[in-house]
Amino acid sequence: ASRRVHCTRPKAMAAAAAEAAGAAARRANPRLSANPWCEPWWYGAPEAARAHYYTEAHVAFRDKVRAFVDDKVIPFVDEWDEAGDVPESLRREAYAAGIYGATWPAEHGGTPPPGFDAFHDLIWVDELARCGAGGVLWSVFFSFGISLPPVLAQGSQRLKEMCARPVISGEKVMSLAVSEPWAGSDVAGLRTTAELTPCGKYYKVNGEKKWITSGIKASFFTTAVRTAGAGIGGVSLLLITADTPGVSVRRMKTQGWLASNTAYIVFNDVRVPASNMIGAENQGFLPIMLQFNHERLVGCVTSNRFARTCLSEGITYAQQRRTFGQRLIDHQLIRHKITEMARMVEANQAWIEQVCYEMNRSRITGEGDAMGLKMGGKLALLKVQTTKTYEFCAREASQIMGGASYLREGKGRVVERLYREVRVNAIGGGSEEVMGELAIRGLGVWDGGDKKRGSKE
Ligand SMILES: Cc1cc2nc3c(=O)[nH]c(=O)nc-3n(C[C@H](O)[C@H](O)[C@H](O)COP(=O)(O)OP(=O)(O)OC[C@H]3O[C@@H](n4cnc5c(N)ncnc54)[C@H](O)[C@@H]3O)c2cc1C
C-alpha cells in the first residue's frame, strides 16, 4: 500500500499542477472562461499536450473567430432571434473579417487560414456556436455549407462561376432543397419532377419542398429532383434560381430557430436550363448522401457546444442562486447534475476530435468517396450521441435554473432558447432513429438480415 501511495502522489500532483496551469492560461486570456468545463479541454493546455491535434495556427484561428463572435454576434443574437431575422450586413462584415469564407477554397473567394484542416473546421463551427442561437447560425453561416458543396464537387464551370463567389463572399444566399412534405428521412421517395422539354434545352420542374433553411432569403436552390423512375437511381440535382418564374416561397413558423428563414417552396412549371444539372442526370443521390457527412459534423459540433453552453450557464447560475440557506451548487443533487452534463460533453469532445482526425487522414490519403461512405456510419452514431447529450443538458440546465429558464429574458434566456432548439438537431439532417440505423448498417455491425443475405428460410 505504501508503494502505491508513493507512485500515485507525484502523478496526482503533476495532474493538479497541469490543471492549475490550464486554469492560469485560461485566466490570462480574458475571452476564455476560467472554468475547465466551459471550454474544450485544450484551450488551457500547454502546446506539448495539445500538439497531436492543435497547432499554434489553430489557437490563432480560434482567437480570431472568438473575437468576432464576442463582439459582432453575441451582443445582438437575442434581438435578431426575437425579430426573426439577421441584418444582411452581418454576412459581408463576417466575410471582411475573414470569418465567413474561412472554410472555403481561395479559388472561389474563400479565405481559409494557412494549413486549413478538419480541426480548423471544428473550431470554426464550435466557436460560432457559442452564440447559442441555432437559427442565426444556420441562416447566416451554415446553410450554404450544405448546398454549395455538390456544385463545387460536381457542377460545371458555369455553375461554379454563377454561385460560388457570390455565396462565399456573403453577397447571395444559397439553400439545399431536398426534403418534401412526403419525403424527409426517405430521400429516395422524393416526388418533385424535372422533365426534359422536347427541345432538350430545359427541364420543367414541378413539386414542393418543405423546411428549407434560409429559403426565404436564398437566390439559389440546390434542388433534388426526380428525372427517372422510382428510387435512388432516378434522383438528380438541379441548380434553380429563386427568381425563375414559377418558384414561390413562403415562411414557415418554427418552434425555435426563429431567425432561420425556414421556407416552404413550390415549383410550378419552372423552366430550368438543362445546363443547370449538377453532375450527371440520375446520379444525384450519392452527392446528397456525401454532403450529409459534413452537415452532420456541423450538427455534432453545434449540439455539443450547445450542451456545453447549457452546462456553463447552469454552473454560473448554481454559483449565484441561493436556496435553503446555501448556494445551489452547495446542494449535492445540483452538483451531480453538473457532473453528469460535464461527463457527456467532455466525452463527446474527444469523440468529435477523433472523427476530425480521421477526416484529416482521408484528405491526405485521398480515399475520397470510399472514406466518405465509411465516415457516414461514424458520424451518424456521433450525431445521435451529441443530440441526446444536448437534449439532456438543456433539460438539466433548465431544472437548475428553475423558472428563470422559462423566460425569454433575463438570466435564463439562453437556456430557454437552446431548449426550444433541441428537436431540430435531433431530427434535421437525419433523425436519431434513422442515424442509428445508418450507423449499425454503415459500420457493418448488422448485415441487413435475411432479405439482404438472400436467405430462403
Ligand atoms: C428546422 C428544420 C430545418 C430543416 N432544413 C432543411 C433544409 O434546409 N433542407 C432540407 O432538404 N431539409 C431540411 N429539413 C428537413 C429534415 O432534414 C427532415 O425533417 C428530416 O430528415 C426528417 O424527415 P421528416 O421530418 O419528414 O420525418 P419522417 O421521415 O417522416 O420521420 C418521422 C419520424 O419517424 C422516424 N422514422 C422514419 N423512418 C424510420 C425508420 N425506418 N425506423 C424508425 N424510425 C423511423 C424518424 O426518425 C422521425 O422521428 C429541416 C427540418 C427542420 C425541422
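Predicted model: local features only at pLDDT ≥ 70, side-chain atom pairs only at ≥ 80, totals over all residues.
Rolling a probe the size of a water molecule over the atoms shows where empty space is left. With a cut-off of 30 Å³ or more, the count is two cavities. The second largest cavity has about 40 Å³ of space. Around the second largest cavity stand Arg91, Tyr100, Ser139, Val140, Ser143, Phe144, Val167, Lys172, Val173 and Met174. Helix α7, residues 134-147, gives four residues to the lining of the second largest cavity, the largest share. The classes in this lining are six nonpolar, two polar and two charged residues.

The next stop is the ligand. The shell around the ligand has 16 residues, and those that come nearest are Ser179, Ser185, Trp211, Ser431 and Glu433. By class, the shell consists of eight nonpolar residues, seven polar ones and one charged.

Ser185 places a polar side-chain atom 2.5 Å from an oxygen atom of the ligand. At Trp211 the backbone takes part: one of its polar backbone atoms is 2.6 Å from a nitrogen atom of the ligand. On its own the ligand has 980 Å² of accessible area, and the protein covers 64% of this.

Where in the chain does the shell around the ligand come from? Strand β3 (202-212) and the helices α14 (422-427) and α15 (432-442) each contribute at least two of its residues. Why does the ligand lie between domain 1 and domain 2? Domain 1 covers residues 172-283 and domain 2 covers residues 286-453; both give residues to the shell, so the ligand lies between them.

Conventions: Residues numbered from 1 in each chain as written. Heavy atoms only, no water. Near = heavy atom within 4 Å. Polar contact = N/O pair within 3.5 Å; in protein donor to acceptor, adjacent residues only side chain to side chain. Areas by Shrake-Rupley, 256 points an atom, 1.4 Å probe, with all protein chains shown as cover. Nonpolar A, V, L, I, M, F, W, Y, C, P; charged D, E, K, R; others polar. Domains from an automatic or database assignment. 1 Å grid on protein atoms, 1.4 Å probe; cavity = no way out; pocket = protein on both sides within 12 Å on 5 of 7 lines; lining within 4 Å. Points joined across faces, edges and corners; volume = space filled by probe spheres on them.
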